[in-house]
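Subject: Structure handover

Hi,

Here is the structure we talked about. My notes follow below it.

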Amino acid sequence: MKGKASSYGAVSVLNAVPMGKGSCIGINLASDVEIELNNVNTDFIVLSNGEEINDVKLINQIISDVFQIYKIDNMGVKISINSDIPIGKGLKSSSSISNAIILATLEALKKKMDDLSVIKLGVQSSLKSGVSITGAFDDACACFYGGLIVTDNYSKTIIKKTSFENLQVIIHVPDETIYSKSVDKIKLEQYSNLSNEVFNLILKEKYFEAMTLNGFIISTSLNLSSKTALSAINVGALSAGISGTGPATAALCYKDNVDDIYSEWDKLPGKIIKSTVNNNKCGVITY
């Protein structure tokens, strides 16, 4: 039994940790997942870009949770992941992979689940496995639906879901890695009042200002530099800021400004990724 699915990445407009509300914009980086299930053995194998990986706590939890729903025991699992999304950089790799694994597993089992149930299952698996502080409901929704998403992560409800302007996304990815589970939640919660101001900007559809202010809040609370974001804004970015809990900085811009931002960031250590806003929903890939 086989299934294949794909889910996208996203960048932050409002980090959900400080006050429970979150917002993200989908981007055209993707995680493709293929799963094979068999009754012959009970091996559990995960390949990431062709190499076997051992840190499979989240993936194991997802499969376990899906199997529990459908009362499946003693089944072998082989999962192959090919992703454009760097891990541990704030670009929603875990949420993207979670969505794709659940969709691919359901396809292999010939089962159906509505969109929000898929998303919430991945969120619960993330919480159970300790990968995420809040379960990252906003991240999962943005990766699943694309476009702009605004959510209440405490109640797991979508406040707003809409397509977003078809802009360029340029991302500076430092060499260091920051996993969400290692971040001091209390430090972020101290900035809840400022995060609420970001939320109010989003409600007024001032998305660029919101994304930039959120980036400054996260940079300040986690002692990360804002210089990368400022340098992009100085050469024409519409907005820029730390995505997730970092360390990646994402900028939104028009096509004419991409080269100027790239030139600024090319002076820095790390790598640069060029992408675009994604407004498409993720889904199953047919063979």
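Helix α6 has 12 residues (192–203), and at 1.5 Å a residue it should span 16 Å; its end C-alpha atoms are 16 Å apart, which agrees. The expected span is 1.5 Å times one less than the number of residues. Helices (H or I, at least four residues) and strands (E, at least two) are DSSP runs, numbered from the N terminus.

This is a predicted model: local features need pLDDT of at least 70, side-chain atom pairs count only at pLDDT 80 or more, and totals for chains, interfaces and linings use all residues. Residues are numbered from 1 along each chain as its sequence is written, and side-chain values use heavy atoms, with hydrogens and water left out.

Back to α6. Ser195, Val198, Phe199, Leu201 and Ile202 are buried in this helix (under 20% relative accessible area; exposed is over 50%, partly exposed in between; 1.4 Å probe, protein chains only). The buried residues of α6 pack against β1, β2, β6, β7 and α7. Contact means heavy atoms within 4.5 Å. Glu205 follows α6 and has a positive phi, near 65°.

Now the cores. A nonpolar core is a set of buried Ala, Val, Leu, Ile, Met, Phe, Trp, Tyr and Cys residues joined through side-chain atoms within 4.5 Å. The largest has 43 residues; Ile35, Leu37, Phe67, Ile79 and Ile119 touch the most other members. Its largest share, 9 residues, comes from α2. Another core, of 29 residues, lies apart from it and includes Val198 and Leu201.

Last, Lys255. This residue sits in the loop between β10 and α9. Lys255 counts as exposed, at 65% relative accessibility.

Best wishes
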